[in-house]
Amino acid sequence: MSERRRFSERALVQLTLVRYREFLREPEAVFWVFVFPILLATGLGIAFRDRPQETVQVGVLAGTPRTAEVAAALAREPALRAVVVDDSAARRRLGTGDLALLVAPGDGGGVTYRFDETRPESRTARLLADGALQRAAGRTDPVPARDSTVHERGARYIDFVIPGLLGMNLMGSGIWGIGFAIVDARKKKLLKRLIATPMSRAEYLLSFILSRLTMLILEVATLVGFGVFVFGVPMRGSVVQLLAICLLAAFAFSAIGLLVASRVRTIEGASGLMNLVMLPMWVFSGVFFAWTRYPAPVQPFIRALPLTAANDALRATMLQGAGWGAVAPQMAILLAWMALCFFGALALFRWK
């Protein structure tokens, strides 16, 4: 083994250890990587926990001969809470969202529904109120129906959001953690001193990516374990496949962090570029709600984002038990981002 190769191996090991020490000496970094996702998952899990059926408040316009009759009919619907209000109060409470629907009884036996059709809660209240009034008027349903409710793990909001939080955490620790470390070292003139050593820029940048391996295991185990054991989030797929997706996602986001920080000299400049890169993915990539809500023309661009690919692959593995073939397109997207950004960082990186 040549002296040059022995030096490269020792340098890579020492640089990787430096990355660990830098991380552990920053309490803020430890908080954002490990504590913040747990706190966020706890808050969302409690807010969107399984609860009894909620009632929707509807108003019945006061001052008509049929006000009491309509209010009594609506009160027989368990999902509705009817209150009698005058016209001015009804307008105010509809405008503030306090009432989902206003029922105005008519003189000829009919009713008028006032509601905001853009609110899902109001549309639901309209259907429930109309059904209650029609049954009170003697409607008979030609098709008998009964309800059989189910509460399946995997369909809850907390089941949806845990993989999204994991993907967001991988992105944040990869881009912020690595990008800031490089820019900070450049600002403090530490990179200048490394120019005099035989170490190549590839070895220096690779040490950042290798240091993500150990931290990755801790990140995934902490958040996924918390979701599984505290909220009962299902883990239907292969653990090996989940780790492979997380590994590829972490490398892809680390490469993006390297590229962003390859030429920036100030912390302010790095912060602006990182926010510019991550903000679209926070908004579009389906962390807290499905990206399919966006218009169809922009969905191909959203699907090509690395965080979208990571979140889709994580949810398919954890919630659906999908195999390697099902997540292969998402893994290919992550691999492409990793390769393009890492080699782009190699080409653009400067020591000072």
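This is a predicted model: local features need pLDDT of at least 70, side-chain atom pairs count only at pLDDT 80 or more; totals for chains, interfaces and linings use all residues.

E3 and E4 are joined by four bridges in the antiparallel sense. Together they form a hairpin with five residues between the two strands, and in its turn Gly 109 has a positive phi of about 100 degrees.

The sheet as a whole is open and has four strands, in the order E2-E1-E3-E4, with mixed pairing. Its edge strands are E2, residues 80-85, and E4, residues 111-114, each of which pairs on one side only. From one strand to the next, the twist averages 25 degrees.

On the parallel side of the pairing, E1, residues 56-61, is linked to E2 over six bridges, with Val 56 opposite Leu 80. E1 also runs parallel to E3, to which three bridges join it; there, Val 58 has Leu 101 as its bridge partner.

I turn now to the helices. H4, residues 87-96, packs on the sheet and touches E1, E2, E3 and E4; its direction makes about 135 degrees with that of E2. H5, residues 120-136, lies across E1, E2, E3 and E4, running at about 165 degrees to E4.

Why is E3 largely enclosed by the rest of the structure? The reason is burial: five of the five residues of E3 are buried. In a regular strand, side chains alternate between the two faces of the sheet. In E3, both faces are covered, with Leu 101, Val 103 and Pro 105 buried on one side and Leu 102 and Ala 104 buried on the other.

Methods
Residues are numbered from 1 along each chain as its sequence is written. Side-chain values use heavy atoms; hydrogens and water are left out. Two strands pair if DSSP finds at least two bridges between them. Axes are lines fitted to C-alpha atoms, for helices over the stretch in contact, and angles run from 0 to 180 degrees between N-to-C directions. Contact means heavy atoms within 4.5 Å. Buried means under 20% relative accessible area, exposed over 50%, partly exposed in between (1.4 Å probe, protein chains only).
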